[in-house]
Amino acid sequence: MSSLSASRADSFKLSQLFNDTRYRSYTFQFIALLLLIMLFAYLGSNLVQNLRDAGLNISYQFLGEPAGYDINQRLIEYDSQSSHLRASVVGVLNTLLVAVLGCILATIIGVVVGILRLSKNWLIRKIMAVYVEIFRNVPVLIWILIILSVFTAILPQPRDFRGENPDASMLWDAFAFTGRGFYFPKPIFEAGSGIVIATFIASIIGIFVYRAYARKQLYEAGRLLPIFWPSVGLFFVPVIVMFFIMGQPIVMDYPSLQGFNFQGGIFARNSFISLWFALSIYTAAFIAENVRAGILAVSKGQTEAAASLGLRPGRIMNLVVLPQALRIIIPPLISQYLNLTKNSSLAIAVGYMDVTGTLGGITLNQTGRAIESVLLLMLFYLAISLAISAVMNVYNNAVKLKER
Amino acid sequence: MSKSELAFVRHEILPEQTPPITDAGIVKWLRDNLFPGPINTILTLVAIYFLFKLLSGAMPWFWNGVWTASSLSECREILNGATGGCFSVLTERWNQLLFGFKYPSEAYWRPTLAFVLLLVSIAPVLFSMLPRKLLILTVLYPFVAFWLIWGGTILTPLMILLGFVAGYVAFRRVEAKGFGTAALLGIAVTVVFWWLGGYISSAAPNVVALTPVPSRDMGGFMLNMILGTVCVSLSLPFGVLLALGRQSNMPIIKWMCVIFIEFIRGVPLITLLFVANVVLAYFLPPGTSFDLILRVIIMITMFASAYIAEVVRGGLAALPSGQYEAANSLGLDYAQSMRLIILPQALKISIPGIVNVAVGLFKDTTLVSVISMFDLVGMIRGPILASTEWNGIYWELWGFAVVLFFIVCYSISQYSQWLEHQLQRDHR
Amino acid sequence: MKKTVFLGALTVAGLTAGVAGAATLDDVKARGKLNCGVTTGLVGFAAPDANGEWQGFDVAVCRAVAAATLGDPSAVEFVPTTGKTRFTALASGEVDMLARNTTWTLSRDVDLKNEFVGINYYDGQGFMVPKALGVSSAKELNGATVCIQTGTTTELNLADFFRANDMEYEPVPIETNAEGQQQYLAGSCDTYTTDSSGLAATRATFENPTEHVILPEIISKEPLGPLVRHGDPEWGDIVRWTLNSLIAAEEYGITSANIQDMAANGTDNPEVNRILGTEGNLGEMLGLENDWAVNAIMAGGNYGELFEKHIGENTPVGLARGLNAQWKDGGLLYSPPFR
């Protein structure tokens, strides 16, 4: 504000603060800052006053205390004597599990549907359009609840598997589809299985090495080596041979009906499946639109040019259209991932124990620490979305550079 | 060579022949669109099979539907083992599904009328070919709708409206002396007028009064509609302000807006609803309490503003910078250039985006059922499915919810697409 | 009041700004209505009937308090709360009292700063199973899938019970009783656990209540009672003694039928006279009218009448008095003297 005192201090009028463009922005910012500080001070003083009146305080000690409740789906060791913090971590992992699996499934369905929407086949095109419109225009919460209800109502309960002539039976004695969830066989790794897995990883690396070699041969020596069958062979043969050499160290743990429920195997609960599936097909409808828009944005001349070079339609898609379309598709795709992750908080409607269910649900209820729990919950989601946004920015910058 | 050596020379053009049957009409269409190749043929056959299965399952369900039973067991008796829907749950609980279970039944005409008026008064905004004078309906609508839905004396919304008018008049009077001063004066006049108006309307609570209905009693699809329309319309001005703030070159204001927008966009709506439900009360002065619906409206409005701000920011950024420079070179100040040049154009190109946000927001209003409010989803999950008569009925109720939301959201998004085409044509 | 309604209208709906202050009674009187937190719906305890009127045993306590303070049992605004929102609603002043089958525990009393004013129902946690399951004891539930409401003491008791008996279980967390009922009936869980009164109330709404049994084990003590916030002992006294007046009325044979007569003509029993306000000035001590207890009892009847009307053996809920009988009949109800 040196200009203020330097020359025209005497002629300075108060109204200049509002009407003189030189000072006005300072005035406005000052007022805005003041209002903001006042707002926070007001809210803060209310908070302090309310907490004092109620005799409460803000403290995060409850995180260290035993949670006291059980969680059905836990990816890490947890029981009712573990701390609230651990319960929250269990919830975080469950959130990430459903979010990651949801993103994968949504991408697969979304890309397939998006491409099929541009298919030459009229019927398929129409069916896909109906799918996209129906799923985009109905709240995801309703889809989650519908899938859960239908799931529970249509599939048999474990008790139907019991008895001499059961109403339901397992598929190949290995899979059981019940209203409470799906039971799968679970591989159990015994001694020596490490070598089998190492072989498997080595053979995958081998496939990549072979493919690189084949490409090099093609470009340098002009020899076209077969790729598909050697890859299949590399994928299966070493692992199977090693599996038998080591004396079959990996066995399957099949689910079987014991008592009230199936025991053993992997249990995917109905809450998890309905949440996962509903989030995936809902988000896939949006992704399909993004994919379609991305493909349509690649000018038709590109396709025609590729066709005139003699490329087959599949290759045109893979080598010409998709690489260009991806640049348009990926930014909205990532924001759809973000939406899916945030929508996974609807888990609470079906009783899936994600972080909203543990930290923002039971822990909040049991300890009464509403402010602390909700704050932590928000910070978690904020961190996730900032991380995803960061990835998006990095990608956008990378794409931008290529354009020049 | 003489002419006679040639056996035949055609002198006139042959008449056009119809194309072969495989290359014309329906057969060609079928070949091109359903059976272009082996893979597509298989796909088509599979699709036809599934469609057939779906229809053969769903059709009897519709045709045999029971509309008059009073409970699920009675309905099953009527059906006697045949496939059929129990649509009687919809007829029996119709009012609950639409209005919730506490809204006074003799007043159902009020929200219905408000809904019809909504369609009438929003038309001038949506369709620019309608006469501009109709916009006055749009301006008046919120006050009429408030009166219709919540009841009470008409003086209350009237005073609020007059307060706005008085503020606007005051603003116009002193506008020449500078935008800032005028805006402050306008706000001051409005607040004073409301304060005085409060005495008037409380002194005469029975002037043209409808039975007051507390907001706690709102429910069913009506609650979704109320939350959707109120929050979208409230978030528009806030969203525009936030977008302008984020584009502003005043660093403090810019960063305040950026932090607000990114924070809100980074958390799921449900955590904000938790805030409304269990946390917000701690931040209010001791002894005050808003009712839940108001707290929820505040939170959803904040949520929607952040998203609308991003859309509007996109619109602002899409304007060529020549527009800004032209406005400056005409000597317009910031408020004038925004109001007269930038915003009208920026908002116009952001309308499709705003409509998308509105559709998303309307769908998100169902989340309030998670914090135990009885909107359409809440009614279905709570009182109806838990009642003795209708326990165990799923398809009919959820199907109804899907149909309602689909009709509303699909028509809005179709409108948005139509508008996009219109705008594209304008730009050519 | 009207002005604040108007101010609220400015921000779309009703802002009810009460005067800040510790005296809840003054707030209630100024408002002319009692804000009472209840469940979102549990038949027999608190549920809206077909006309949207709240009915039930907990609701009756609210009505009695409204009658004692305002003289009008219908001057109550019922606020449905979930397990999650109930304590916040109370702490923030959204409700003046909670009558929402809330278990009295030390941590809720001391750490969450609530004030439990008494016990209106002595309960315990039980299990309900379909008869077809063939289970006759909770000890046989090893490996079962259990539906349970989150945010309640039942959840913690359940974990303790299964741990103590070295059994496994699979919890299915649900938010409201309505959902629990649906999940249970759909077969998503083998057993549903909550307070045994709640089980009886839930079973009463089933289409075939006889196909389900409540197992004999009661795995916890669940003293349910109304509560108010810390920091306003006078208001706590009013709710406490309103509840006590209902209990004492049953003990001394004061019913909604004979109370008018007794209050008008007086009785030979000085304690009854003191309750009815014809002798002494107990009402004044509480800051109420002298006929406060008459109003409270008139609102729905004494404790016994309320019990019979809402959850007794002749209702679909069909609960026996059991622990909730008067101390003279071998129960735990024991009102301190009105003196």
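Domain bounds here come from an automatic or database domain assignment. For chain A, that assignment gives domain 1 (17-54), domain 2 (84-155 + 270-399) and domain 3 (190-247). The C-alpha centres of domain 1 and domain 3 of chain A lie 66 Å apart.

A word on the model before we turn to the interfaces. This is a predicted model, in which local features need pLDDT of at least 70 and side-chain atom pairs count only at pLDDT 80 or more, while totals for chains, interfaces and linings use all residues. Residues are numbered from 1 along each chain as its sequence is written, and chains are lettered from A and ligands numbered from 1 in the order in which they are written.

Let's start with chains A and B. Here 49 residues of chain A are in contact with 44 residues of chain B (C-beta atoms, placed from the backbone, within 7 Å). Among the elements giving two or more residues to the chain A side are helix 5 (122-136), helix 12 (355-367) and helix 13 (370-403); helices (H or I, at least four residues) and strands (E, at least two) are DSSP runs, numbered from the N terminus. Helix 3 of chain A brings the largest share of that side, 13 residues.

Chain C meets chain A as well: 29 residues of chain C are in contact with 29 residues of chain A. On the chain C side, helix 4 (86-91), strand 10 (144-149), helix 6 (153-164) and strand 11 (169-174) each supply at least two residues, and strand 11 of chain C gives the largest share, 5 residues.

The two sides by class:

Definitions and conventions: Two residues are in contact if their C-beta atoms, placed from the backbone, lie within 7 Å.
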